[in-house]
Amino acid sequence: MRIAITALIVFINFILQTTLFPHFAIQGVFPNTALIIVTSYALLRGSKEGALVGIGVGFLMDVFFKTYIGFYTALYLVFGLLFGRSQRNFYRENYILPVIFCTISTVLYQVILYVTGFVFRGEGNILYFLFRLLLPELVYGAVITVPLYRILFGINEWLELKEKYKYRLF
Amino acid sequence: MQEFFLKHKKHIISAGIVLLVLVTVIASGKKLNATLLESAIGVVVTPFQDLTTGISSWVDETVTSARSKTDLKEENEDLKNQIAELMEENRRLAMYEEENAKLSSLLKIAQRYPNYESVGAKIIAKDPGVWYDNFIIDKGTSSHISANMVLIAPQGLVGKVLESGATFSKAQSILDSRSSVPAKSVRTGDLGVVKGDYTLSNNGLCKMEYIDGDAEIMVGDEIVTSHLSDIYPEGLAIGKVLEIETDTNGLTKYAVIEPYVDLKHLDTILIIDKNNAPAGKSAAPAAETAETDEEAAEPEESNAGTGVAE
């Protein structure tokens, strides 16, 4: 049940992110909802499941937008692992922390892509990257994170409730 | 078994990550057709992307058509005038074509701009990130699409196919920072390479690099693909020069190019295969094309006058 619903979330997000969301881009920038989902999921459920969701998300990205498999898979896997570690340390009903963590993960993700894809090839325009790409994405991303996290949180609550009744003895 | 996994969890996970990174490093740069697994996933995913793109463009169309009904009459009038003008011009050009065909058959020159057979395709998904300008089209190896085929729109060059699966292909537009297209300016013949640049691609522009410092290229010059490419056929329109700057090394110039195709709002494209041009037109043997030309008075001399009415 959980696996099916999580797979469905990842799948629907991928479809929407590649088709519909570019229409809502502001100045060509739209937050990476896949990354927000991986981070939120890791925060809600811990490292292991965060890493699994990361593999799923990254694998889809690899299949469709890279000519080889592995880059995005490894990247999202690491993000899932990394952010799942803080699962036990905060109240997940809180909205400020997910926003902060998603902001941190977006910064990390974009810096990694920027360094591996551009700086190594000698094409780094750091000011353009910081102010024209990263900053708008962070602001827009923070706004998108709240409803997205709320949806994932609700689904997770519901699933946990179901699982609890399933294993109840009386 | 369970214990072994629990005990060495960290090692297993880190080994997995290292393995993925290694695969990435080893496999990068290879241009193959999509594997069976990728194709299989494509078969599942692409119909949904097709559907969503279809719905959003339908909504777009409905909204605009409701808004602009009054404009349509005006536009219709304009278009009618334009058609009349174009018909006139077309007739004139057809005469030129006939003359050109006659003269070149006299000179025995092969026709320079062959007509490639083209396949239409739809763009169904785009790379969500800001860095790259890749997209997915809805035709694959089952429609005989393979890597390195060239994508065009009626106005000019769009990009090329990177890799194709059974029902879909990954494509790269000329705005992508990994794409480079050998190009030249039509007026002066100056050579260069049109590359994508992520600082420009958000505005739908790209860059032509490695132009000679003495080149007499000017703002407004038309840029087409050059003869130096294995992938792109010669003479495809790319765009026009928007501005010209000298590189920091002072030896070469670069130009900012505005592509003729509106790459940010593109939904249908044509795919052409450079290596599969119809032989009759690219080699231009006079007799072969003349067979299809019913109205040609002198079959030996007019080889491309198919469209000539009067």
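Entry 1: I began with helix H1 (residues 2–19) of chain A and helix H3 (residues 36–67) of chain B, whose axes come within 9 Å and cross at roughly 50 degrees. Helices here are DSSP runs of H or I with at least four residues, numbered from the N terminus. Axes are lines fitted to C-alpha atoms over the stretch in contact, and angles run from 0 to 180 degrees between N-to-C directions. H1(A) and H3(B) are therefore oblique to each other (under 35 degrees is roughly parallel, over 145 roughly antiparallel, 65 to 115 roughly perpendicular, and the rest oblique). The crossing of H1(A) and H3(B) is right-handed, that is, the near helix is turned clockwise from the far one by less than a right angle.

I then listed who touches whom, with contact meaning heavy atoms within 4.5 Å. From H1(A) I noted A:Phe11 and A:Phe14 among others, and from H3(B) residues including B:Val44 and B:Phe48. By class, this contact has seven nonpolar, five polar and no charged residues (Ala, Val, Leu, Ile, Met, Phe, Trp, Tyr, Cys and Pro are nonpolar, Asp, Glu, Lys and Arg charged, the others, Gly among them, polar).

**Entry 2: a note on the model.** This is a predicted model, where local features need pLDDT of at least 70, side-chain atom pairs count only at pLDDT 80 or more, and totals for chains, interfaces and linings use all residues. Residues are numbered from 1 along each chain as written, chains are lettered from A and ligands numbered from 1 in the order written, and side-chain values use heavy atoms, without hydrogens and water.

**Entry 3: the whole interface.** How many residues does each chain bring to the contact? I found 41 from chain B and 43 from chain A. Together they bury about 3,700 Å², 70% of it on carbon and sulfur atoms (buried area is the accessible area, with a 1.4 Å probe, lost on being put together, summed over both parts). B:Pro128, B:Trp131 and B:Tyr198 supply 19% of the area that chain B buries against chain A, more than any other three residues.

Definitions and conventions
Buried area = accessible area lost by both parts, 1.4 Å probe. Helix = DSSP H or I, 4+ residues; strand = E, 2+ residues; numbered from the N terminus.
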